[in-house]
Amino acid sequence: MFQVYSVPLTTLVKEFELEVAYKASDYESIQLTVADVARPGLQLAGYFYHFEPMRLQVVGNMEASFIEKLSEAERAISFDRLFSYKFPAFLIAR
């Protein structure tokens with residue numbers, strides 16, 4: 001039998017002492033159901049084929065460097081596209 005495991009996002013935030021910059025209205029009920037994370041560099045560049053929105057989205061140095069190279073208008077378009085998907089959380093590391 002297939003069993004689904006999940007961890008509340010609030011548990012992850014508390015366990016790793018993460019700073020929350022924005023809480024969605026359903027923040028308290030968000031569950032992480034996929035163990036893998038995603039580094040959305042390709043999605044920020046506009047490529048969404050095989051994108052898995054159920055994963056925690058993690059932006060690190062490489063993605064941040066790419067974002068900094070975009071113009072303000074390009075940045076807005078990239079984030080609008082990415083945030084049109086409902087994923088559990090967007091984590092900015094480093």
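Buried means under 20% relative accessible area, exposed means over 50%, and partly exposed lies in between, with a 1.4 Å probe and protein chains only. Keep that in mind for what follows.

This is a predicted model, where local features need pLDDT of at least 70, side-chain atom pairs count only at pLDDT 80 or more, and totals for chains, interfaces and linings use all residues. Residues are numbered from 1 along each chain as its sequence is written, and side-chain values use heavy atoms, with hydrogens and water left out.

Salt bridges to begin. A search of the whole structure gives three. The criterion is a side-chain nitrogen of Lys or Arg within 4 Å of a carboxyl oxygen of Asp or Glu. Helices (H or I, at least four residues) and strands (E, at least two) are DSSP runs, numbered from the N terminus.

Take Lys-86 and Asp-26. Their closest N and O atoms are 3.1 Å apart. This pair links distant parts of the chain, 60 residues apart. Lys-86 sits in the loop between helix H4 (72-82) and strand E5 (90-92). Asp-26 sits in the loop between helix H1 (9-15) and strand E2 (31-32). Lys-86 counts as exposed because its relative accessible area is 63%. Asp-26 has 26%, so it is partly exposed.

Next, Arg-39 and Glu-63. Here the closest N and O atoms are 2.9 Å apart. Again distant parts of the chain are linked: Arg-39 is in the loop between E3 and H2, Glu-63 is in helix H3 (residues 61-69), and 24 residues separate them. Is Glu-63 buried or exposed? Glu-63 is buried, because its relative accessible area is 6%. Arg-39, at 46%, is partly exposed.

Then Asp-36 and Arg-55, bridged at 3.6 Å, N to O. They lie 19 residues apart, with Asp-36 in the loop between E2 and strand E3 (37-38) and Arg-55 in the loop between helix H2 (41-44) and strand E4 (56-59). Both are partly exposed: Asp-36 at 43%, Arg-55 at 27%.

Now the aromatics. The whole structure has nine aromatic pairs. Rings of Phe, Tyr and Trp (its six-membered ring) pair if their centres lie within 6.5 Å; planes under 30 degrees apart are stacked, over 60 edge-to-face, the rest tilted.

Which residues form a cluster through ring pairs? Phe-79, Phe-83, Phe-87 and Phe-90. Phe-79 is in helix H4. At 22% relative accessibility, Phe-79 is partly exposed. Leaving out residues up to four places away in sequence, Phe-79 touches Leu-44, Ile-67 and Phe-90; contact means heavy atoms within 4.5 Å. The C-alpha atoms of Phe-79 and Leu-44 are 6.8 Å apart, across 35 residues of chain.
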